[in-house]
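Please open the structure in your viewer and keep the selection tool at hand. The tour below moves from one stop to the next, saying at each what to select and what is there.

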Amino acid sequence: MRTWIMIEYGITIALVPLWWLVYSRARHVLDHNTSESFHTHLRSLRFRLWPAVCLTTVKLAATIRMWMTDWSFVEDKVLIQWPLYLCGMFAIFMFSLPELYRREQLAFSSTKGRAGGLSNPIIFLPFSAAFTASAASAIQMLFFAQSPLRFGTLYGVWAGFGLAVAFQAFTYRRHLNRQAAGGKLARQENSGKRFLRMVQKGLVLLVVVSTIVASGMLSSRLPDRMSMMDHGSQSSHGGHANASHNLAGLDHADSPVSAAVMSPEAVSVEDLRGPQDAPPDRSFTISASKLITTLPTGEHTELWTFNQTVPGPELRVKEGDLVEVVLHNVDIEDGVTIHWHGLNVPNGEDGVAGLTQDAVMPGERFVYRFITNQTGTYWYHSHQQSSVQVAKGLYGTLIIEPKEGIAEDVDMTVMSHSHGTSNGSTITLGPTGVLSRRIIEPGTAVRIRLINAHNMPRIFYVSGARYRVAAIDGVNLNGPEWMEDRPLLLAAGGRYDLALVMPEHAVSVSHSLGTINETSEAVVLSATDHDMPAPGVEGTIFDPAHYGAPAPVPFDSDTKYDKAFTLVLDNRVGFYNGTMTNLQTINGYVFPDTPSLMVSEGDVVKMKFVNRGFMDHPMHLHGHHLLVLSRYGIPVQGSPWWTDSLNVAPGEVYEAAFVADNPGLWMDHCHNLEHAAAGMSMHLMYEGVYTPFEIGRSTVNIPE
């Protein structure tokens, strides 16, 4: 599907110049002065027409192919673009070409001007409409791509199409009238004035574009102060239930904040906390501070650290522990928080600045307390302007061991990120310029916990040993199978636990195949400090949907769901917070206009993800794990696949489900943190829960 999306996108752009060539040649045909020039221009018109028609047919084939996968891929194309194309093309073949053919058969031989009647609008307007349709389709795709389609977009594009065709008809009629009235002298005078008219048109275009740009920059600015609840709600079928996204424009009783606060049973996120009085089983203090370090290139750079290391300290606890973490901000001016990625903590412990707490400013402290009811591999990072702070180094690992302990003799954590210093417990697989090595005796059972802290999916290659994927995102798989030479594509924010038995020779984990040396970006396990593994072998990428053994699941395709939402992930050109950029959208919107998913405690919820854009979107729902039901409508056939960071690649369609059993207000966003910072975030909202916190330039909380 990724290929079809790219083909359709490229063709839509390419059709604009192709149909312009057809349209311009049609004008030359109609402006001919002799029979010879008429025939010459008509042959050229036909030569240009058929490539445009053929490429439009390929676009139609791509549209049909995408429609076969899911309606969301083509909704605006079918309802906006194709009616425009078909109007113009139908008129060309039904009216323009037959009329031109009829006049060609007359075999004009006079040189008395345009053998009357060629200025008939029935000949000219279809070519104008075809070109305008291609331009309108490209503009709609670039600037107004959306699903579900909104009536305003449909009406606006069609209205613009009609006005553009009418304007072209008017200007061409004036052109004909000037030629008929003035003869050769008028044409010479018009030729002398052509430059002035072009300048006038250019100035008008400049004024229009400047007005649109200025309006977009101003209107897209985020408010100085707003609640994270101040945006649209979504119905259980995926459509917007509320088109107004600013509380200032709503009746007080209609806003989600007001509805929650006015309810006698309303609960603040501040009340949804872990145990506050019981003594903790494990207690940690984490200090956020700056560190000047030297890169492998010799350059000095400033990192933001937890406890002066990147990654921060590994927090290793037991299942069922009451954990207390004291966060102290030493000198991070913008403030910090800690979000426990993948761990379903109480909402007030989730660490999202402006939603569940205020950012912790320099000199301040915040205490997180929660019971570890899960086991597995997790990580933590700041959720205050996380696209900046995680890249700077504010992240670390959290490991929760089962009560009975781990089965392997060696348990190691490997985190992939672009920065890293040594902290003794977590290996950072990044451009350190030095090979990381662990001495492990043959026959030793090893667990490798892979964590991807990058913004994009990363491929891990394991060479030299057979291994199993024991867990995904902290949840054990059922009946994991032994495999070898299978690259592991890990979502941004995702985790794989690998289990292997150390062989007699060296084993490597890296991001690329090829020979491993002492400066490779790789981790080597070996019995000595000098053994090197053999180069890896390319294989089929590991697919969680077809791995392991099936087991009973709480819901499937036959379950009656209380709520069902469709999230269409896309991209378009637009403005965000005063900057023109390539927007990454959810259902055509960016935050704060993205939909909110409203649920009640106990609801069984199904979510459908459709990616019709060009980039991977690792969708991360806080506070819950999703059970993946199907991909492209095909049910998951292996072990139950639970995840909190589901990578939805271009063209992919997933269905997943969860139980709304953790009340609160939860972020649901793309964990490409740059996408989240540009508005690709939304919220799962439980009825009767509200937040007193706010975001914006007038607060301490910086939007993601």
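A cavity, in the sense used here, is a set of grid points where a 1.4 Å probe fits but cannot get out, and its lining residues are those with an atom within 4 Å of a point. The model on your screen is a predicted one, and every value on this tour was computed from it.

**First stop: the second largest cavity**

Begin by selecting Met 228, Tyr 576, Phe 591, Met 667, Ala 676, Ala 677, Ser 681, Ile 695, Pro 703 and Glu 704, which line the second largest cavity. The space inside this second largest cavity comes to about 60 Å³. If you colour the lining by class, you will find eight nonpolar residues, one polar and one charged.

**Second stop: the largest cavity**

A search of the whole structure finds four cavities of 30 Å³ or more, and the largest of them holds about 130 Å³ of space. To find this largest cavity, select Tyr 9, Lys 77, Met 141, Asp 570 and Arg 612, which among its 13 lining residues are the closest to its centre. Helix H1 (2-30) and strand S23 (563-576) are the elements that give two or more residues to this lining, and the largest share, three residues, comes from H1. The lining of the largest cavity divides into seven nonpolar, two polar and four charged residues.

Now select Leu 489, Tyr 496, Pro 544, Asn 647 and Tyr 654, which lie nearest the centre of the second largest pocket, a space lined by 23 residues. About 370 Å³ of space lies in this pocket. Strands S19, S20 and S31 each supply at least two residues of its lining, and S31 gives the most, with three. By class, the lining of this pocket has twelve nonpolar, four polar and seven charged residues.

The structure holds 24 salt bridges, and three of them are visited here.

Select Asp 70 and Lys 608 and zoom in on the salt bridge between them, in which the closest N and O atoms are 2.5 Å apart. This pair links distant parts of the chain, for Asp 70 sits in the loop between helix H2 (35-69) and helix H3 (75-105), while Lys 608 belongs to strand S26 (residues 604-611), 538 residues apart. Asp 70 has a relative accessible area of 9% and therefore counts as buried, the limit for that word being under 20%.

Next, select Arg 495 and Asp 644, whose salt bridge brings the closest N and O atoms to 2.8 Å. Arg 495 lies in strand S20 (residues 495-501) and Asp 644 in the loop between strand S30 (642-643) and strand S31 (645-648), so that a separation of 149 residues is bridged by a pair linking distant parts of the chain. Both Arg 495 and Asp 644 are buried.Then select Lys 318 and Glu 401, a salt bridge in which the closest N and O atoms are 3.0 Å apart. Because Lys 318 lies in strand S6 (residues 315-318) and Glu 401 in strand S11 (residues 395-401), the pair ties together parts that are 83 residues apart in sequence.

Move on to Trp 482, which you will find in the loop between strand S18 (475-476) and strand S19 (488-490). With a relative accessibility of 37%, Trp 482 counts as partly exposed. Leaving aside neighbours within four places in sequence, the residues in contact with Trp 482 are Arg 466, Tyr 467, Arg 468, Ala 499, Leu 500 and Val 501.

**Last stop: Gln 374**

Finish at Gln 374, in the loop between strand S9 (365-371) and strand S10 (376-381). Gln 374 is buried, its relative accessible area being 17%. A polar atom of the Gln 374 side chain lies 2.7 Å from the backbone nitrogen of Asn 344. Not counting residues up to four places away in sequence, Gln 374 touches Glu 319, Gly 342, Leu 343, Asn 344, Ile 400 and His 625.

Notes. Residues are numbered from 1 along each chain as its sequence is written. This is a predicted model: local features need pLDDT of at least 70, side-chain atom pairs count only at pLDDT 80 or more; totals for chains, interfaces and linings use all residues. Side-chain values use heavy atoms; hydrogens and water are left out. On a 1 Å grid over the protein atoms alone, a cavity is a set of points where a 1.4 Å probe fits but cannot get out, and a pocket is an open set with protein on both sides within 12 Å along at least five of seven lines; lining residues have an atom within 4 Å of a point. Grid points are joined across faces, edges and corners, and a volume is the space filled by probe spheres set on the points. Helices (H or I, at least four residues) and strands (E, at least two) are DSSP runs, numbered from the N terminus. Ala, Val, Leu, Ile, Met, Phe, Trp, Tyr, Cys and Pro count as nonpolar, Asp, Glu, Lys and Arg as charged, and the others, Gly among them, as polar. A salt bridge is a side-chain nitrogen of Lys or Arg within 4 Å of a carboxyl oxygen of Asp or Glu. Buried means under 20% relative accessible area, exposed over 50%, partly exposed in between (1.4 Å probe, protein chains only). Contact means heavy atoms within 4.5 Å. A polar contact is a pair of N or O atoms within 3.5 Å; within protein, one must be able to donate a hydrogen and the other to accept it, and residues adjacent in sequence count only if both atoms are side-chain atoms.
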